[in-house]
Amino acid sequence: MTKRKKQASFWQRVRFKYKLSFVNENTLEEVFFIKLSKLRVFLLASILVILLMTITAIFIVNTPIRNYLPGYLDAEIRREMIENALKTDSLERALKQQSGYINNITAIIRGDVIPDTVPRVDSIAHSSDLNLKASDFTEDFIRNYEEEQRFNLAEITSGQTLPENLIFYRPVNGIVSDRFNVHERHFGIDIATSPKESILATMKGVVIFAGFDANAGYVIQLQHANGFVSIYKHNAVLLKEQNDEVLAGEAIAMAGNTGNYSTGSHLHFELWYKGYPIDPEEFIIF
């Protein structure tokens, strides 16, 4: 009973209204008055404090004053530094790839590619003597073929001869399903093979392109010595990037069925010499 009386007495005191009067000093006339209780004063003061804190926080966040807060500037600068570093790295990488691609293409067009004088062919097979002399039958065959094809601008231009004593590595194990035919604009051969079969570099070289094409799927191109370029299309996965150096017989991709022009797991392999397509089956036994 006593506890209830004390609680009632407390709320009565808190809610008891006081009259605050403003009196004219000369006439002692009451000009204005306000009735306030302790509870109302507390509530008004709390609302005013919360409002001031909210306005101050909004003002600080939306003005440069926030940079003077301890720790705030460091976090923002760190985030901007990371973003700028990522952008710079991406731009440098793209510029390096583009520059390397242009330099490689320029070297191929001008014929300034340095011949490969390293005796070692690849990491698997090697020869102790690469200066092999062609047989009389081979020389006669090459001479007759050049005579027949000297006016065929779709393959090798007149006056151009292919370097001798070349060793090419078979790019993949499989069966040739479609052969080289320049008249049908099929500038390579199709080799049917198992999915995810390793695609190997036919000679030592440098990757001048590695990317995706809507029709050819994942494509990788290698620049070799003596003006040769090999192209591998419809891959499932590319294992090398642009400007990577590869050895003959080194895995550069995995066979697949990518691209609109692919109808099954196979490799479309092209071999080019100084800008003109040549038949890979004349140099490689599949």
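Q: Is Phe283 buried, partly exposed or exposed?
A: Buried means under 20% relative accessible area, exposed over 50%, and partly exposed in between (1.4 Å probe, protein chains only). Phe283 has a relative accessible area of 26%, so it is partly exposed. Before going on: this is a predicted model, where local features need pLDDT of at least 70, side-chain atom pairs count only at pLDDT 80 or more, and totals for chains, interfaces and linings use all residues. Residues are numbered from 1 along each chain as its sequence is written, and side-chain values use heavy atoms, with hydrogens and water left out.

Q: How many aromatic pairs are there in the whole structure?
A: Rings of Phe, Tyr and Trp (its six-membered ring) pair if their centres lie within 6.5 Å; planes under 30 degrees apart are stacked, over 60 edge-to-face, and the rest tilted. Here a search finds six pairs. One of them joins Phe168 and Phe283: it is tilted, at 5.4 Å centre to centre with 55 degrees between the planes.

Q: Which parts of the chain does that Phe168 and Phe283 pair tie together?
A: Helices (H or I, at least four residues) and strands (E, at least two) are DSSP runs, numbered from the N terminus. Phe168 sits in the loop between α4 (136-149) and β3 (175-178), and Phe283 in the segment after β12 (276-278), so the pair links parts 115 residues apart in sequence. Phe168 itself is buried, with a relative accessible area of 11%.

Q: Where do Phe228 and Tyr273 lie?
A: Those two make another tilted pair, 4.8 Å centre to centre and 45 degrees between the planes. Phe228 is in strand β8 (residues 228-238) and Tyr273 in strand β11 (residues 266-273), so this pair bridges parts 45 residues apart in sequence. Phe228 is buried at 0% relative accessible area, and Tyr273 is buried at 4%. Together, Phe168, Phe228, Tyr273 and Phe283 form one aromatic cluster.

Q: Which residues touch the most other members of the largest nonpolar core?
A: A nonpolar core is a set of buried Ala, Val, Leu, Ile, Met, Phe, Trp, Tyr and Cys residues joined through side-chain atoms within 4.5 Å. The largest one here has 26 residues, and Ile199, Leu222, Phe228, Tyr232, Ile252 and Phe269 touch the most other members. The elements giving two or more residues to this core are β4 (188-192), β7 (217-224), β8, β10 (251-255) and β11. Of these, β11 gives the most, with four residues.
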